[in-house]
Amino acid sequence: SREIVSILVDKKLGNQDSYEALISNPKEFYNDFKFLEEDDITSLEGFLYPDTYYFEKDMSEKDVISAMLKRFSEVYTPELKEKQKKMGLTLQQVINMASIIEKEAVKDVDRPKIAGVFYNRLEIGMPLQSDATIQYIFDERKHIVSYSDLKIDSPYNSYLNKGLPPTPISNPGIKSIEAALEPEDNDYLYFVATVDGGNNYSKTYDEHLKYVKEYKENRDKLKQEKSEK
């Protein structure tokens, strides 16, 4: 939401403080968007649906946010609500999971796989250990999450805390939402990026470490090749 607000303010579409106050107070939108009335929805983070919007210059901050919430309500169809019900999840839990998938996946094919990994971790009480939740702590995205970052005392540190973070960490698109509601049924507990934007998945930590080593070697090889050109 910080990035969204920054873009809107840059386009002279409202005031930063006004946006932040509205985003942190879902009750302001209860009359028009009943789906926000669930007890665990404490922020609009996650529900500002990413799309192309056309706004009039004199639109209020509330009207701008309402347009995004309206689009979310259109995208989150009765079919998706039924899947949510069958999974026994709240809307906030679904969007929270989808928001992490959104930041972890590059390719759509990986979204259900990653969802499967995270649900597997939740089921056995294992921390999600997502670098994406660490990135949310910072005002600006870091190029690399360091080992010292993993020790930061924050409710968004999914290395130190079990379960989902307090709120979504992004505003996910439909592919990530669908993945959160239709996770791949797999036995994986780990995944690591590949240099082509995909991931390698593994069931054991030892296997995972092999893929991590492979990724670092391939990454360094690409850097070397680029430096030689």
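## Tour by selection

Start by selecting Glu74: its relative accessibility is 41%, so this residue counts as partly exposed (buried is under 20% relative accessible area, exposed over 50%, partly exposed in between, with a 1.4 Å probe and protein chains only). The model is predicted: local features need pLDDT of at least 70, side-chain atom pairs count only at pLDDT 80 or more, and totals for chains, interfaces and linings use all residues. Residues are numbered from 1 along each chain as its sequence is written, and side-chain values use heavy atoms, with hydrogens and water left out.

**Salt bridges**

Helices (H or I, at least four residues) and strands (E, at least two) are DSSP runs, numbered from the N terminus. Lys70 is partly exposed too, at 46%.

Next, select Asp51 and Arg71. Their side chains form a salt bridge of 2.7 Å, N to O. This pair links distant parts of the chain: Asp51 is in the loop between H2 and H3, Arg71 in helix H3, 20 residues apart. Show these four together: Asp51, Lys70, Arg71 and Glu74 are linked in a network of salt bridges.

Now go to Lys107 and Asp196, a salt bridge of 3.7 Å, N to O. Lys107 is in the loop between H5 and H6, and Asp196 in the loop between S1 and strand S2 (199-202), so the pair ties together parts that are 89 residues apart in sequence. Asp196 is exposed at 52%, while Lys107 is partly exposed at 33%. The whole structure holds twelve salt bridges.

**Nonpolar core**

Select Leu36, Phe47, Ile65, Leu69, Phe72, Tyr76 and Ile177. Among the 47 residues of the largest nonpolar core, these touch the most other members. Such a core is a set of buried Ala, Val, Leu, Ile, Met, Phe, Trp, Tyr and Cys residues joined through side-chain atoms within 4.5 Å. H5 gives the most to this core, seven residues.

Zoom in on Leu69. Beyond its neighbours within four places in sequence, Leu69 is in contact (heavy atoms within 4.5 Å) with Phe29, Phe33, Phe35, Leu36, Leu44, Phe47 and Leu48.

**Largest pocket**

Select Asp131, Val145, Val192, Ala193 and Tyr215. Of the 38 lining residues of the largest pocket, these lie nearest its centre. On a 1 Å grid over the protein atoms alone, a pocket is an open set of points where a 1.4 Å probe fits, with protein on both sides within 12 Å along at least five of seven lines; lining residues have an atom within 4 Å of a point. The space in this largest pocket is about 1700 Å³; grid points are joined across faces, edges and corners, and a volume is the space filled by probe spheres set on the points.

Colour H9 (205-228). H9 gives the most to this lining, ten residues.

**Second largest pocket**

This one holds about 680 Å³. Select Ser1, Glu3, Ile4, Ile7 and Asn171, the closest to its centre among 27 lining residues. Helix H1 (2-10), H5 and H7 each supply at least two lining residues here. H1 has the largest share, five residues.

**Last stop**

Select Lys151, in the loop between H7 and H8. Lys151 is exposed, at 68%. Leaving aside neighbours within four places in sequence, Lys151 is in contact with Asn157 and Leu160.
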